[in-house]
Amino acid sequence: TTFTTNVLGAVYVLQQFTPFLERSTKPIVVNISSGLGSIATTPTIGTPRSTTYSASKVALNMIVSPSS
């Protein structure tokens, strides 16, 4: 599903690479999101855009946010 791919897939990959990141002198993680992943610009429920896709991108942004 969309959520599994966009959120759980990213979490799983990050978990697998964590030991390498911890040993790195310059660890960096890059995730690709979209405008639909912005809470401020996410369309309201009931619009024709995919709310599942938007929710998965918002979740990814929340999980990987530097402040989390």
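I take contact to mean heavy atoms within 4.5 Å. With that, I looked up the contacts in the protein with a separation of 6 or more: residues 24 or more positions apart account for 46% of them.

I note that this is a predicted model, where local features need pLDDT of at least 70, side-chain atom pairs count only at pLDDT 80 or more, and totals for chains, interfaces and linings use all residues. Residues are numbered from 1 along each chain as its sequence is written, and side-chain values use heavy atoms, with hydrogens and water left out.

Next, the overall build. I found two helices and zero strands; these are DSSP runs (helices H or I, at least four residues; strands E, at least two), numbered from the N terminus. Of the 68 residues, 15% count as buried, meaning under 20% relative accessible area with a 1.4 Å probe, protein chains only.

Then alanine 10. I place it in helix α1, residues 2-23. Its C-alpha atom is 9.1 Å from that of valine 64, 54 residues along the chain. Leaving aside neighbours within four places in sequence, alanine 10 touches Thr5, Asn31 and Leu60.

Last, lysine 57. I found it in helix α2, residues 51-64. Lysine 57 is buried yet has no salt bridge (a side-chain nitrogen of Lys or Arg within 4 Å of a carboxyl oxygen of Asp or Glu). The nearest side chain of opposite charge, glutamate 22, is 24 Å away; Lys and Arg count as positive, Asp and Glu as negative, and His and the chain ends are not counted. Beyond neighbours within four places in sequence, lysine 57 is in contact with Asn6, Ile32, Ser33, Ser34 and Gly37.

Conventions
Buried means under 20% relative accessible area, exposed over 50%, partly exposed in between (1.4 Å probe, protein chains only).
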